[in-house]
Amino acid sequence: MNKFVVPNTEKIARELAVNSQMMVVIKRVLGLPLGSKLELVKSNFRYVFGLLNRDYSLGIRLLMEIEILMNRADLRKKQKLIFHNQILDMCLAVKNKMLINYFFGLTNKYNLTPVLATANGEMLVRMLSVVDYPDNLRVLPTGKEFSEKTKEVLKSAGIKIEKNEKF
Amino acid sequence: MLKEKKILVTGANGFIGSHLVSILAKSGYEVWAMIRPGKLPYFEYENELIKVVYGDLTEKKSLLKLVPSGGTVINLAVNPSDKRLSVEVNIKGLKNLTEAAKEKKVRKFIQISSQAVKINKKGRYAKTKLEGEDIVKNAGINWVILRPSLVYGEGEKGLFNKIKALAQKLKIVPVFGNGKSLVYPVKIEELCQIILKSIQSKKDLGKIVDVGSSPGVSYLEMYRMVAGEGVRILHLPVILGKLMGSIFELLRFKNPPFSIDNVLGSTQKIGCDGKDSEKYYGIKISQFKTGLTSYGNNKKKVAVIGLGKMGLVHTTILSSIPDVKIVALIDTNKSLYSTIKSYGIAGKFYTSYEEARSKDKFDYVFILTPTWTHASLMKKALTDEKAVFVEKPALKNKIEVEEINKLLKGKDVNLKIGYTLLSRRVIRKFKEELGSGRYGKVIKVEGGFKHGEVLAKKNGWMFKKGMSGGGVIMNPGPHLIAVVNYLFGKPQKIRANLKKLYSDEVEDEAKLLFDYDDFEADIKLSWSVKGCDVARYEIKVFMEKATIFCDGNYLSILKNGKEIRIDEEDLKPILQISCFDINPGIYGEAFFVEDYEFLFNKKKEKSRDILSVEEILSEIYQETACE
């Protein structure tokens with residue numbers, strides 16, 4: 001299975017150097033085919049209020065969905081969707097379950113395999129113990145290996161561990 | 001490990017269990033923390049004394065493998081409301097566990113029951129818990145039954161935290177009936193201490209012990225205290241509560257806001273003997289108000305100024321440290337607050353330091369704003385005798401350095417500048433190697449910084465001399481200069497050659513020569529290197545017997561024609577605790593170490609050393625004109 005990482009933090013950071021956050025989103029949306037635009041509106045209609053209030057989790061969710069829609073054709077082949085460790089690890093620190101659930105929701109909606117990339121294995125385990133994660137969930141250590149205990153508990157819970165990779 | 005030191009904790013993933021497992025391990029017990037097969041642990045499992053074990057109370061066979069022969073069993077496993085499972089777990093499962101305990105000749109069985117067993121009209125939970133008490137009493141084992149009242153403490157789990165979360169989210173707390181029934185809340189840490197004492201106690205064998213504060217508080221009072229300001233109490237009829245509880249049950253809510261048992265328990269009279277815990281264990285349970293306010297008292301209270309990129313990095317790291325409480329978030333831009341709050345960062349929002357200081361109490365201040373704002377904020381915070389962390393570079397010119405040095409003179413202060421490279425394992429090792437005496441004297445030093453960040457004219461405060469203090473020397477440069485200063489100290493003389501390539505006001509390239517007693521350090525900095533997408537630092541030290549090179553990722557020691565390479569990840573972590581790594585790509589561990597050492601290291605630096613990098617920076621510009 002091939003991989004695809006969302007959100008593309010490096011690309012967004014580069015674009016943010018010359019554009020506002022709103023412009024980054026608008027430019028991306030305008031680049032979508034009509035069908036995808038309608039899909040995006042439908043999917044985010046109930047979140048409009050939160051998005052206008054600059055809700056962080058909803059903002060990231062929107063960016064992830066745009067990236068999925070932008071690469072929809074490739075994603076049919078690239079089944080694994082990796083949640084970038086830069087965002088996931090921040091969620092783990094502040095115990096933001098909402099964004100992780102949004103990610104699971106998106107992988108479910110677009111029929112992709114969810115992969116959580118993290119440099120903080122123990123924190124991820126504790127977070128996953130309080131969220132409903134999908135059966136096909138995989139985790140990916142990034143930068144450093146998980147401890148033996150972390151590997152053990154993940155395996156016992158039926159969660160597959162991907163090969164260590166840095167983004 | 002002695003047999004008596006082995007403990008099986010069932011229900012280890014619950015609110016009480018997750019706290020208890022850590023406390024037992026910290027007290028030297030070997031803990032077998034039991035969770036259901038297929039589940040992940042919620043507790044801190046990395047402690048070598050904690051073993052995650054998988055078992056099911058409904059399967060006696062699995063229990064026989066897990067109950068420690070001659071050890072202790074603490075039963076916290078419970079199903080609170082499911083019709084079938086509450087019988088399966090709370091009654092049949094408990095029977096299996098006591099039978100296994102008898103077979104394995106456990107020295108003590110500690111059953112955690114509930115005050116709910118005392119109420120007249122019992123729900124499913126109370127009925128099965130009471131029946132469970134009889135099972136334990138008649139099991140033919142050494143037992144004690146602890147009946148805690150409502151247990152409160154920090155965390156996400158448990159009834160208390162559910163109420164708290166509901167109050168924070170909806171700004172409404174539902175109270176069933178008049179709310180006048182009494183409850184005797186017990187702090188989780190105190191309950192765990194009681195359990196800890198009970199493990200070794202013989203006095204409580206065969207006893208039922210009430211665990212609760214005395215006198216109690218009414219549910220109404222308790223909710224008011226929990227909810228805090230701006231939260232309304234909504235009285236609901238008991239019948240409506242029962243109806244809602246039934247609906248949650250019928251719809252099979254996995255984590256309902258409350259159950260019928262919660263409604264019944266909070267609307268009937270219960271008497272709790274507050275003296276029991278003192279009588280058996282010498283522990284007096286804190287009054288609810290005292291206990292509740294004690295949370296956060298031992299934490300480091302932090303105010304963060306600046307909610308931009310670095311604000312997000314540091315608030316995230318601070319949120320990952322359990323002993324830290326962010327009390328104030330300060331920024332002139334109000335819209336940043338809604339984003340940072342929705343992201344999950346705690347703390348009240350203020351638009352100025354003065355406003356935060358007048359309304360909140362904090363001892364630590366993180367200044368994460370652009371350089372030109374640092375001096376005035378530092379003056380205010382240091383005058384208030386706060387511990388201050390400032391992003392690099394702390395100050396933009398000689399006048400500011402002199403002003404702050406005057407303020408620091410003769411004082412022992414906790415002031416730290418965010419030179420993150422100094423918190424890297426490899427840089428600490430570098431200093432250790434240089435000071436080892438194995439390589440003779442330093443002959444020459446070469447340092448360099450390269451990046452392709454400025455390849456055309458750019459706008460922004462970083463390119464305005466009056467705001468940033470300078471260009472490549474003031475922005476990425478201080479990291480490298482801080483390392484040179486850390487390794488060799490302040491130079492006696494500085495010569496510099498600065499060059500503008502694209503910027504109007506600040507230098508894009510710099511050649512620096514630092515004169516030391518016996519050697520010179522030649523440093524080249526440029527943020528205008530074409531094709532250099534990633535920022536690179538490197539330092540090479542030529543010594544009498546070796547050449548040592550470091551690029552931040554690894555250390556290379558070339559001695560007698562042989563190279564010894566030491567990678568960052570092969571070095572021991574600086575801190576002996578589990579560090580949160582915000583991003584391995586930017587050596588996130590170093591950011592954590594930097595913040596942690598600032599907050600928890602007792603050693604205070606001599607005030608004259610703190611601004612040495614800023615003194616070097618201001619000296620560079622003092623002596624040199626830009627071409």
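Me: In which loop of chain B does B:Pro393 lie?
Reply: In this predicted model, B:Pro393 is joined to B:Lys392 by a cis peptide bond. The omega angle of that bond is about -20 degrees. The proline belongs to the loop of chain B between β18 (387-391) and α16 (398-408).

Me: Is B:Tyr587 buried or exposed?
Reply: B:Tyr587 is found in the loop of chain B between β28 and α20 (588-600), and its phi, near 55 degrees, is a positive value in a residue other than glycine. The cut-off for a buried residue is 20 or more other C-beta atoms within 10 Å. Around B:Tyr587 there are 22 other C-beta atoms within 10 Å, so this tyrosine is buried.

Me: What percentage of the residues of chain B count as buried?
Reply: Chain B has 22 helices and 29 strands. Its C-alpha atoms fill a box of roughly 90 × 60 × 45 Å along the principal axes. Among the contacts in chain B with a separation of 6 or more, 73% are accounted for by residues 24 or more positions apart. Of the 627 residues of the chain, the share that counts as buried is 47%.

Me: How are the residues on the side of domain 2 of chain B that touches domain 3 of chain B divided by class?
Reply: Chain B is divided into domain 1 (3-294), domain 2 (301-418) and domain 3 (422-572). The centres of domain 2 and domain 3 of chain B, taken over C-alpha atoms, are separated by 27 Å. In the contact between these two domains of chain B, 7 residues of domain 2 meet 7 residues of domain 3. By class, the side of domain 2 that touches domain 3 has 3 nonpolar, 2 polar and 2 charged residues.

Me: How are α17(B) and α19(B) oriented relative to each other?
Reply: Helix α17 (residues 425-434) and helix α19 (residues 477-488) of chain B have axes that come within 9 Å and cross at roughly 30 degrees. Angles under 35 degrees count as roughly parallel. The orientation of α17(B) to α19(B) is therefore roughly parallel.

Me: Which residues of α19(B) take part in the contact with α17(B)?
Reply: The crossing of α17(B) and α19(B) is right-handed. From α17(B), the contact is made by B:Ile427, B:Phe430, B:Lys431 and B:Leu434. By class, the residues of the contact of α17(B) with α19(B) are 6 nonpolar, no polar and 1 charged. The residues contributed by α19(B) are B:Val483, B:Tyr486 and B:Leu487.

Me: How are α5(A) and α8(A) oriented relative to each other?
Reply: In chain A, helix α5 (residues 56-70) and helix α8 (residues 97-109) pack with their axes 9 Å apart, at an angle of about 20 degrees. The limit for a roughly parallel pair is an angle under 35 degrees. The orientation of α5(A) to α8(A) is therefore roughly parallel.

Me: Which residues of α8(A) meet α5(A)?
Reply: α5(A) passes α8(A) in a right-handed crossing. The residues of their contact divide into 8 nonpolar, 1 polar and 2 charged. On the α5(A) side they are A:Ser57, A:Ile60, A:Arg61, A:Met64, A:Glu65 and A:Ile68. Those of α8(A) are A:Met98, A:Leu99, A:Tyr102, A:Phe103 and A:Leu106.

Me: Which element gives the most to the side of chain B that touches chain A?
Reply: The contact takes 31 residues from chain B and 32 residues from chain A. On the chain B side, β3 (50-54), α12 (309-319) and α13 (334-343) each supply at least two residues. By class, that side has 12 nonpolar, 14 polar and 5 charged residues. With 5 residues, the element that gives the most is α13(B).

Note on methods. Residues are numbered from 1 along each chain as its sequence is written. Chains are lettered from A and ligands numbered from 1 in the order in which they are written. This is a predicted model: local features need pLDDT of at least 70, side-chain atom pairs count only at pLDDT 80 or more; totals for chains, interfaces and linings use all residues. Domain bounds come from an automatic or database domain assignment. Ala, Val, Leu, Ile, Met, Phe, Trp, Tyr, Cys and Pro count as nonpolar, Asp, Glu, Lys and Arg as charged, and the others, Gly among them, as polar. Axes are lines fitted to C-alpha atoms, for helices over the stretch in contact, and angles run from 0 to 180 degrees between N-to-C directions. Helices (H or I, at least four residues) and strands (E, at least two) are DSSP runs, numbered from the N terminus. Angles under 35 degrees count as roughly parallel, over 145 as roughly antiparallel, 65 to 115 as roughly perpendicular and the rest as oblique. A crossing is left-handed if the near helix is turned anticlockwise from the far one by less than a right angle, and right-handed if clockwise. A residue is buried if 20 or more other C-beta atoms lie within 10 Å of its own, exposed if 12 or fewer, and partly exposed in between; C-beta atoms are placed from the backbone.
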